[in-house]
Every structure is written in C-alpha cells, then in structure tokens.
Amino acid sequence: MKLLVYLLAALSTLSCQEDKMIKLERNGFSISYPNHLTLDESGQEGTSFVLTTQKSGQNDVFVENINLVIKNVGKTSLDEFSKRTENEISTVANIIESNRLKINGKDCFKLVLEATQNNVDLTFVQHYYLENQKVYLLTFSSETKVYYDYYNDMNTVLTSFEIK
C-alpha cells in the first residue's frame, strides 16, 4: 500500500511539473519562454532573437519559431501602420484575423495569416507594437497542420513580451 501511495505521489508530481521559464531581458524589451525552446541571438535576417522548437522527426520540414524584428518606421500611428501592413500582406497571404489588443499595458496590432512557402502551408501570428518611431514585430511561425499543437505554449511567450 505504501508503494502505491509513493507511486501516485511521484506520478502526480511529475505530471504537474512544467517547463522552467527563462526571461530574456535586453535593452528595450523582455520576453519569457520555456526552457525547451532554443534561443538564437545571431541577428540572422535582421532578427533581435529567434526561439525555435526541436524537430519532431525526420519528416518534420519546418521548425516552429518565434522571432522579433525591430525597425524604424518614422512618425506614424498604429492605425495608419496597421492599414498599410494589412494591404501589403493581403497581396501575399490570406489574413485570417486582424484586431487590436492591449498586452502588458501596450497597444498591439495582431494579425493571423496563412501562406504557402516552398510547398509548405504555414500559419503566422504577428504582434506589432509601435514605440518611439519603431515597430517591434513579434512573429510566431508554424506549419499549419501542427499550429494548434504549439499555439498555447507560443501564445504564452507572445503575450509575455514587454517593451521597457
């Protein structure tokens, strides 16, 4: 009987454990992410960082990721910026959702879109923040067929983003 109690206690402890969250703090922003994601700050393709998942097997052709790009955009409002962005994106992707949110006290323009690249159907969630004439573009990219497998985890990361 004691063995059964110990086994149940051990199983419940293991099942309640979550990934440890890591907080990335940089000049101008911070974000928290689970320790199973890999951080790349090489600046490749103009990114401030990229957080990647592990491949799920040999047939996995796309690595899900979150990345941040920061660009100067000059003086513009979030409304002007969002309209211009939607017009540009609608020429290359299908916009599924477009709305304004407030995340951690900041106005955010959110887009969810689908596109095909290299014969792979992809879904993107983009959060745009305007601050000090810069756009902070935070993007979650996923293969469409596994999007919902990753969404909750990645949305937690997206909504942890804060501009300092």
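Gln 133 is partly exposed, because its relative accessibility is 45%; buried means under 20% relative accessible area, exposed over 50%, and partly exposed in between (1.4 Å probe, protein chains only). This residue is found in the loop between S8 and S9. Helices (H or I, at least four residues) and strands (E, at least two) are DSSP runs, numbered from the N terminus. Gln 133 is not a glycine, yet has a positive phi of about 60 degrees.

The model is predicted: local features need pLDDT of at least 70, side-chain atom pairs count only at pLDDT 80 or more, and totals for chains, interfaces and linings use all residues. Residues are numbered from 1 along each chain as its sequence is written, and side-chain values use heavy atoms, with hydrogens and water left out.

Glu 45 also has a positive phi, near 55 degrees, in a residue other than glycine. Its place is in the loop between strand S3 (38-40) and S4. With a relative accessible area of 77%, Glu 45 is exposed.

## Aromatic pairs

A pair of aromatic rings is described by the distance of the centres and the angle of the planes. Rings of Phe, Tyr and Trp (its six-membered ring) pair if their centres lie within 6.5 Å; planes under 30 degrees apart count as stacked, over 60 as edge-to-face and the rest as tilted. The structure holds 9 aromatic pairs. One of them joins Phe 29 and Phe 49, whose ring centres are 5.8 Å apart with planes at 35 degrees, so this pair is tilted. Phe 29 lies in strand S2 (residues 29-34) and Phe 49 in strand S4 (residues 47-52), so the pair links distant parts of the chain, 20 residues apart. Both Phe 29 and Phe 49 are buried.

Tyr 129 and Phe 161 form a tilted aromatic pair, 5.3 Å centre to centre with 40 degrees between the planes. Tyr 129 belongs to strand S8 (residues 120-131), while Phe 161 sits in the loop between helix H3 (147-158) and strand S10 (162-163), so the pair ties together parts that are 32 residues apart in sequence. Tyr 129 is buried at 1% relative accessibility, and Phe 161 is buried with a relative accessible area of 2%. Ring pairs link Phe 29, Phe 49, Tyr 129, Tyr 136 and Phe 161 into a cluster.

## The largest pocket

On a 1 Å grid over the protein atoms alone, a pocket is an open set of points where a 1.4 Å probe fits, with protein on both sides within 12 Å along at least five of seven lines; lining residues have an atom within 4 Å of a point. Grid points are joined across faces, edges and corners, and a volume is the space filled by probe spheres set on the points. The largest pocket holds about 430 Å³ of space. It is lined by 16 residues, and those nearest its centre are Gln 44, Glu 45, Thr 47, Asn 67 and Val 69.

S4, strand S5 (65-72) and strand S9 (134-143) each supply at least two residues of this lining. S5 gives the largest share, 4 residues. By class, the lining of the largest pocket has 6 nonpolar, 7 polar and 3 charged residues. Ala, Val, Leu, Ile, Met, Phe, Trp, Tyr, Cys and Pro count as nonpolar, Asp, Glu, Lys and Arg as charged, and the others, Gly among them, as polar.

## The second largest pocket and Gln 126

The second largest pocket has a volume of about 170 Å³. Its lining includes Ile 89, Leu 113, Phe 124, Gln 126, Tyr 128 and Thr 139. Strand S7 (106-117) and S8 are the elements that give two or more residues to this lining. The lining residues divide into 7 nonpolar, 3 polar and no charged.

Gln 126 is in strand S8 and counts as buried at 11% relative accessibility. A polar contact (a pair of N or O atoms within 3.5 Å; within protein, one must be able to donate a hydrogen and the other to accept it, and residues adjacent in sequence count only if both atoms are side-chain atoms) of 2.6 Å joins the side chains of Gln 126 and Tyr 128. Contact in general means heavy atoms within 4.5 Å.

## Leu 37

Leu 37 is found in the loop between S2 and S3 and is buried at 5% relative accessibility. Leaving aside neighbours within four places in sequence, Leu 37 is in contact with Leu 51, Thr 52, Thr 53, Met 154 and Val 157. Leu 37 and Met 154 are 117 residues apart along the chain, and their C-alpha atoms are separated by 10.0 Å.
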